[in-house]
Amino acid sequence: MTTKKYDLRSAIEELKAMPGQYLESNKEIDPEAQLAGVYRYVGAGGTVQRPTKEGPAMMFNNVKGFPNSRVLIGVLASRRRVGALMHQDWHNLGHVLNEAVKTPIQPVTVGKEDAPAQEVVHLATDADFDIRTLLAAPTNTPDDAGPYITMGVVRGSSPDGSQHDVTIHRMVLEDKDTIGMYIMPGGRHIGAFLKEYEAKNEPMPITISIGLDPIVPIATTFEPPTTPLGYDELSIAGSLRQHAVELVDGVAVHEKGIARAEWIIEAEIMPNTSMQEDINTNTGFAMPEFPGYNGQANSAVHVVKIKAVTHRKDNPIVQTTIGPSEEHVSMAGIPTEASILNLVDNAIPGVVTNVYNPPAGGGKLMTIMQIHKGSNNDDGIQRQAALLAFSAFKELKTVILVDEDVDIFDWNDVMWTINTRFQADMDIQVLTGLRNHPLDPSERPEYDPKSIRTRGMSSKLVLDGTYPHDMKDQFQRAPFMDVKNWEDWTKE
């Protein structure tokens with residue numbers, strides 16, 4: 001294990017040393033829609049409204065109304081940047097995370113003297129306490145239900161303390177000490193623990209850690225079956241860093257936060273209690289979600305009561321993201337790639353050489369699978385791999401299968417294979433009546449009444465762009481000379 005301690009500030013120093021990967025601004029920015037509006041042009045990417053592009057991470061040093069805090073956005077909004085921060089080849093990140101799941105390093109607890117996240121303490125009982133004036137949480141659009149915490153890692157435990165989980169949720173600041181939290185039904189282990197607390201009619205203690213080593217948010221977005229109930233995803237981050245994630249006991253709740261965070265919110269989820277998500281705006285919208293559309297405000301989000309907020313002394317950083325940006329693709333997509341590789345490797349080893357969940361699906365809805373066929377007997381195995389992918393991740397909607405000579409990270413190459421190794425009448429498979437993601441606006445009974453009974457059901461698609469193995473000779477690319485020293489001709 002390494003002795004280096006990783007956190008957001010060490011990551012920023014790495015980014016500063018990478019040309020074109022980090023940008024700072026001292027011009028005043030309004031966190032209400034303007035900040036996200038600016039970064040849309042700078043580097044949001046993903047399925048964000050055009051024009052947008054892949055660009056640097058950006059630090060806003062002068063945030064209106066928050067003179068002692070900064071806001072950072074877009075650290076993970078580039079797969080290449082994620083690879084650089086992970087010290088790995090960006091093409092192979094799914095494989096890297098898959099190995100990390102198999103070799104976890106459990107988090108450790110340190111004392112408050114080793115927890116910069118607790119250098120300053122604010123209690124909710126303080127006369128002037130107001131989370132809305134303390135935390136520079138931005139809004140993405142003028143229609144948002146309010147300021148949102150979008151990069152907060154929630155940690156919670158089972159009532160007996162034997163199991164722990166970390167997840168990321170959309171969380172809106174509703175009142176001076178109240179947060180509205182959306183927990184997607186059936187998709188998070190935090191929700192399973194909450195049900196146990198609600199059965200006892202007791203509040204569930206949680207911490208929300210903000211401003212973290214960028215590897216931590218990626219690790220926390222793993223889901224079953226790769227990380228079953230009780231699997232602490234912080235151990236994946238520990239494995240990736242070869243250094244255990246450090247936790248610290250809360251000052252006001254019986255739960256641990258991430259010791260090297262910029263901020264920790266300590267709170268309790270109220271049992272059997274809910275509130276209207278957009279109660280302060282009544283716009284009907286929550287915030288932009290990963291498919292690229294404004295999320296509908298939920299009529300019954302969980303009520304979170306804040307007990308304390310702690311943070312670093314020196315201009316603490318609020319880390320945030322735009323919902324449909326490339327950053328979400330990195331957080332959701334790369335762990336999904338690892339999950340697919342894990343399941344497929346176990347079932348049919350050697351068939352899938354790589355997996356990519358592209359921005360077109362927000363990291364969740366689409367995967368491109370690179371297939372190896374060793375003989376004529378392997379024809380058909382690629383479609384079995386697609387079915388395994390659907391079982392590995394229920395929110396997956398579209399699978400594209402391509403051969404080994406196709407660059408899965410190049411859309412032109414992927415679509416070339418669909419145009420030259422694909423016949424629609426035989427290479428399309430449609431699976432109906434399956435569960436998917438409720439944020440896909442096409443998954444409504446009124447859109448497809450014959451196949452969708454309830455919101456969140458979907459028909460799923462396989463596009464098989466692999467050629468038959470016995471026709472391999474007819475699908476060889478035009479051969480070019482392999483010139484090893486080609487770069488010599490590009491120099492003055």
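Leaving aside its neighbours within four places in sequence, which residues is Gln 370 in contact with? They are Val 351, Val 352, Thr 353, Asn 354, Val 402, Asp 403, Glu 404, Val 406 and Ile 408. Contact here means heavy atoms within 4.5 Å.

This is a predicted model: local features need pLDDT of at least 70, side-chain atom pairs count only at pLDDT 80 or more, and totals for chains, interfaces and linings use all residues. Residues are numbered from 1 along each chain as its sequence is written, and side-chain values use heavy atoms, with hydrogens and water left out.

Stay with Gln 370. It sits in strand β20 (residues 366-371). Strands (E, at least two residues) and helices (H or I, at least four) are DSSP runs, numbered from the N terminus. Gln 370 counts as buried because its relative accessibility is 13%. Buried means under 20% relative accessible area (1.4 Å probe, protein chains only).

Now turn to helix α2 (residues 34-44). Its buried residues are Leu 35, Ala 36, Tyr 39, Arg 40, Val 42, Gly 43 and Ala 44. Their cover includes β1 (22-25), β2 (57-60), β3 (70-73), α3 (79-86) and α9 (326-347). Just after α2, Gly 45 takes a positive phi of about 65 degrees.

How values were computed. Buried < 20%, exposed > 50% of the residue type's maximum accessible area, 1.4 Å probe, protein only.
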